[in-house]
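The sequence and structure come first.

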Amino acid sequence: MYGYWELGNGWWAGAVVWGKGEGVKVEEIQVDPPKSSEVRVKMLFASLCHTDLLCCDGHPLPLFPRIPGHEGVGIVESVGEGVREVKEGDTVLPTYIGECVIDVHYVVKLDPRIPLPHASFLSCGYSTGFGATFKQVVICKGSTVAVLGLGAVGLGVVEGARMQGAGRIIGVDINERKREKGLVFGITDFINPSTTTTDSDSSESKSEPDDHGKHNSNNNNNNHNKASISEMVKELTGGMGVDYCFECTGVPSLVNQALLSTKLGIGTAVAIGSGNEKSGEIDLVPLLCGRTLKGSIFGGIKVKSDLPFILHKCINKQHTYRVAHRHCAYRLNDIVQSDTELGHKEYERR
């Protein structure tokens, strides 16, 4: 758990990163009081998004010092002039803002019926994926969907696609443990590209002229031509591909695979993930064949209108968000331990 904690008299404790590749250090910092239209928030829980790890590694710009933990839940400690939406003592979600003093337009009041440890990542990861399914595209009932990467963002996509009536949802991840979580959220099929196996009995497979770009993975069968992700998706869809494919990993090469996984002439790929690489080659042939590629920030959702809609569904238990993550809670003083463990391969990246 990262972020700020109040010490008193304007001094707060924060987990600070001073440079690229450096670990976090718990330090005392001074936080200015809120100005007009601002609120100052005392953080209660702050989850570590993969974007935080990227920023601490100097991506997209090496801006230091910085305090990771832009996903969080806190209590309004004080408000500036003109603030009417929230008051001191309210529990709030500061949305995608890694600051303790925030413009009130980026704060949403949180219903106490939502457990705080689970609610923290609703301010970014999960909501980003969920929002993309109804703000970036319109998934019609019976549509086919593929999701590359089943972290919090990807599971949000799965949940959104399921709620909108998608007929088939294919989850793709190299972590075999994501299979179980994906099934809970609503995937109908699971592909692990590292083993080139699927959960389908379908043997029908067709290829199209623009379907190239093999995935370097281990193959357990006798076929020496290693299957690409798009080929495996098409194998599950009778050679057609899906209506929509969401790329949630931030791996540039997978953007092409997302495009190729969609239907010729009408398919749409949505790039949501962010990674260390800021650019990559895009194969023009799939685009020239009529497919569409879209980008997405925060799933296209609006803080004041769309986020309350998502929170309402959580209250009504229409979301499966509570099992989206393996939770490991740390006190601020133990943050060095968490920083080490989160870098271990056992902890999946979002």
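A residue is called buried when its relative accessible area is under 20%, exposed when it is over 50%, and partly exposed in between, using a 1.4 Å probe and protein chains only. The model is a predicted one, in which local features need pLDDT of at least 70 and side-chain atom pairs count only at pLDDT 80 or more, while totals for chains, interfaces and linings use all residues. Residues are numbered from 1 along each chain as its sequence is written, and side-chain values use heavy atoms, with hydrogens and water left out.

The protein contains 10 helices and 15 strands; helices (H or I, at least four residues) and strands (E, at least two) are DSSP runs numbered from the N terminus. Of its 350 residues, 51% are buried. Contact means heavy atoms within 4.5 Å. Among the contacts with a separation of 6 or more, 68% are between residues 24 or more positions apart. The accessible surface, computed by the Shrake-Rupley method with a 1.4 Å probe, is about 16300 Å², and carbon and sulfur atoms contribute 51% of that.

Consider the sheet next. Two strands are taken to pair if DSSP finds at least two bridges between them. Five strands form an open sheet in the order β7-β4-β5-β6-β8, and the pairing is antiparallel. Because β7 (101–103) and β8 (107–109) are at the edges with a single partner strand each, one side of each has no neighbour in the sheet. From one strand to the next the twist averages 45°. Within the sheet, β4 (residues 38–47) and β5 (residues 71–79) are joined in the antiparallel sense by 8 bridges. R40 is found opposite S78 in β5.

Which strands does helix α9 lie across? Residues 306–315 form α9, which lies across β6 (91–94) and β8 and runs at about 35° to β8; axes here are lines fitted to C-alpha atoms, for helices over the stretch in contact, and angles run from 0 to 180 degrees between N-to-C directions. The buried residues of α9 are D306, L307, I310, L311, K313 and C314. Viewed down the axis of α9, these residues fall within an arc of 155°, so they line one face of the helix. The arc is taken from the directions from the helix axis to the C-beta atoms. An α-helix has 3.6 residues a turn, so residues three or four places apart point the same way. The buried residues of α9 pack against β6, β8, α3 and α4. After α9 comes K317, with a positive phi near 60°.

Helix α3 (residues 125–135) has 9 of its 11 residues buried. They are G125, Y126, S127, T128, G129, F130, G131, A132 and T133. Their cover includes β5, α4 (152–163), α5 (178–185), β13 (244–247) and α9.

Charged pairs come last. A salt bridge is a side-chain nitrogen of Lys or Arg within 4 Å of a carboxyl oxygen of Asp or Glu, and the whole structure has 10 of them. D90 pairs with K87, with the closest N and O atoms 3.2 Å apart. D90 counts as buried because its relative accessibility is 7%. K87, D90 and K109 are linked in a salt-bridge network. K178 and D173 form another salt bridge, their closest N and O atoms being 3.6 Å apart, and both residues are buried. In the pair R179 and E176 the closest N and O atoms are 2.3 Å apart, and E176 is partly exposed at 37% relative accessible area.
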